[in-house]
Amino acid sequence: MRLVDACRLDPVDRTPVWFMRQAGRYLPEYRAIRERYTLIEICALPEVTLEVTLQPVRRYDLDAAIIFADILLPLIPMGAGLTFAKGEGPVIANGVDSAGDVERLRPVTVEQSLAPTLEALRLVRAELAPDIALIGFAGAPFTLASYLIEGGSSRRFLRTKRFMYNEPAAFHALMEKLATVTADYVASQVAAGADVIQLFDSWVGWLGPDDYREFVLPHMPGIFAAVREAGAPSIHFGVDTGGLLGLMREAGGDVIGLDWRTSLAAGWAAIGHDRGVQGNLDPGVLFAPHDEIARRTRAILDQAAGRPGHIFNLGHGLTPETPIDSLRVVVDTVRSNGTSR
Ligand code: CP3
């Protein structure tokens, strides 16, 4: 599989390409399913999860399918109470505001509580062409902790930081609990058929390097070790992490995901060429004219310079407004220009 080879820094015939949030609302066939099921219902029904996971792979010539799920699902069996409110995003009913709240979070038996996603992975792997990789994923502890503490999405993560600085022991205990669940979850996903695991630490870039080292780094290596022991490579992604790349390398991951604020060449140099990189087209470029999309795509491939270990992707997830034809331009451009030597 091209994606797995690239994660292991083996040469590939063409640069592998997939898109974060490639299943979702920009696709009319996804919107049709969403008329009948809520997001949480889709995730609870393996047959429906199978269908939405395959939708982008049917439409585009991609190197990977990513299992349809959400990073917040493991918070449900922990007792957090998750709903998705229309227009507001996720809402956590029983969030974390004290050391006692951290203690009350329940341990999770992944095989039981996240059974639908694991079953969906088995179904997708059986259905998917053998050369297309299946990506499993999970949220990283900091990003999950931020949802628990903020009670939902946040702009500046001030509650999270207040808790972190005022209750450092409880914050570490929370990170530890989340890391344990995450390590079990990603290992189970590999056992169920995931070929690669992506760990989303989407919001960790809101921390400075000293805080990353103190509050995040100690909780990360165990998760990547669990993926490795299960037999799969890993991709470690965050947004606005230009100042954290060296620390993320230390934290682990065979491939580090870059957003578009760092140039691919500079980001890869900062990480070191003995690791892979994934990225990093600005999802906003998908709203440009097609020749400009192609030019920007080639510019990223030029920066990768044919080095093994580049996975083409966006710098962050697709937005629901994305014109569906734009993705075909990216895929075709990567297909005709991307080769590692
Ligand atoms: O193809 C795919 O990538 C689909 C699988 C997927 C979903 N969420 C489904 C989903 C993945 C990989 C995620 C990850 C996720 N979820 C992240 C990390 C990725 C990133 O963007 O950095 C985060 C932070 C979440 C939490 C989350 N889920 C939020 C904040 C929201 C609401 C905002 C929004 O985009 O509407 C969701 C809902 C969600 N999860 C949707 C999808 C397709 C949109 C919802 C819908 O159909 O109602």
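In this predicted model, Glu119 and Arg122 pair through their side chains in a salt bridge, with an N to O distance of 3.0 Å. Both residues belong to helix H8 (residues 115-127), where they sit three residues apart, about one turn of the helix. Glu119 is partly exposed at 32% relative accessibility, and Arg122 is partly exposed as well, at 40%.

Helix H6 (residues 99-104) holds another such pair, Arg104 and Asp101, again three residues apart. Their side chains meet in a salt bridge of 2.7 Å, N to O. Here the two partners fall into separate classes: Arg104 is exposed, with a relative accessible area of 59%, whereas Asp101 counts as buried at 18%.

Arg295 is partly exposed at 45%, and so is Glu292 at 23%. Elsewhere, salt bridges with shared partners link Arg2, Asp13, Asp61, Asp63 and Arg335 into one network. The whole structure contains 15 salt bridges.

Arg21 lies in the loop between helix H1 (2-7) and helix H2 (28-34) and is exposed, with a relative accessible area of 56%.

As for the overall fold, the protein chain comprises 17 helices and nine strands. Its radius of gyration is 19 Å, close to the 20 Å given by the globule rule for 341 residues, so the chain is as compact as a globular protein of that length. Of these 341 residues, 57% count as buried.

Methods. Residues numbered from 1 in each chain as written. Predicted model: local features only at pLDDT ≥ 70, side-chain atom pairs only at ≥ 80, totals over all residues. Heavy atoms only, no water. Helix = DSSP H or I, 4+ residues; strand = E, 2+ residues; numbered from the N terminus. Buried < 20%, exposed > 50% of the residue type's maximum accessible area, 1.4 Å probe, protein only. Rg over C-alpha atoms; globule rule 2.2 N^0.38 Å. Salt bridge = Lys/Arg side-chain N within 4 Å of Asp/Glu carboxyl O.
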